[in-house]
Amino acid sequence: MNKNKAIKDIAKQHNSWVNYIRKNSMSESQFKYAEDFVQNLYVKLLESKSFCDTKIYDSQKQINRKYVFTTLRWLMLDDVKKVKLKTTDNLYNIKV
């Protein structure tokens, strides 16, 4: 199987993936941008250098929903773990 076929098969259940993100969102932005997380899943699979259809399809050649849900969960966790740098202005002249 090729990547494009796998993405097409996964995209047939697009609404299920979006609902999963909304149900399990860890922040308001994840709930609001659930579609973007699913699109990131598609991009991640397309860019994967170690693509293996045995991960995406089960023994009956159906989409392995557990693999997709796990990947989406990791995308959400990565989003939460992002370090947001906080900057402050130097308000005082510090002399040592």
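Predicted model: local features only at pLDDT ≥ 70, side-chain atom pairs only at ≥ 80, totals over all residues.
View A. The residues of H4 that are buried are Ala 34, Phe 37, Val 38, Leu 41, Tyr 42 and Leu 45. Viewed down the axis of H4, these buried residues fall within an arc of 150 degrees, so they line one face of the helix. In general, an α-helix has 3.6 residues a turn, so residues three or four places apart point the same way. The length of helix H4 (residues 34-47) can also be checked: at 1.5 Å a residue its 14 residues should span 20 Å, and the end C-alpha atoms are 20 Å apart, which agrees.

View B. Searching the whole structure gives 2 aromatic pairs. In the pair formed by Trp 17 and Phe 69, the ring centres are 5.2 Å apart and the planes stand at 75 degrees; because planes over 60 degrees apart count as edge-to-face, this pair is edge-to-face. Since Trp 17 belongs to helix H2 (residues 14-23) and Phe 69 to helix H6 (residues 65-81), the pair ties together parts that are 52 residues apart in sequence. Trp 17 has a relative accessible area of 0% and is therefore buried. Together with Tyr 20, the residues Trp 17 and Phe 69 form one aromatic cluster.

**View C. Arg 22 and the ring of Phe 31.** Arg 22 is placed over the face of Phe 31, at 6.0 Å from the ring centre.

View D. When neighbours within four places in sequence are left aside, Asp 9 is in contact with Tyr 57 and Ile 63. With Tyr 57, the side chain of Asp 9 makes a polar contact to the side chain at 2.5 Å.

View E. Ser 59 is located in the loop between helix H5 (53-56) and H6, where its relative accessible area of 66% makes it exposed. The side chains of Ser 59 and Gln 60 are joined by a polar contact of 3.2 Å.

Notes:
Residues numbered from 1 in each chain as written. Heavy atoms only, no water. Phe/Tyr/Trp six-rings, centres within 6.5 Å; stacked < 30°, edge-to-face > 60°. Helix = DSSP H or I, 4+ residues; strand = E, 2+ residues; numbered from the N terminus. Buried < 20%, exposed > 50% of the residue type's maximum accessible area, 1.4 Å probe, protein only. Lys NZ or Arg CZ within 6 Å of the ring centre and 35° of its normal. Polar contact = N/O pair within 3.5 Å; in protein donor to acceptor, adjacent residues only side chain to side chain. Contact = heavy atoms within 4.5 Å. Expected span 1.5 Å × (residues − 1). Arc of directions from axis to C-beta.
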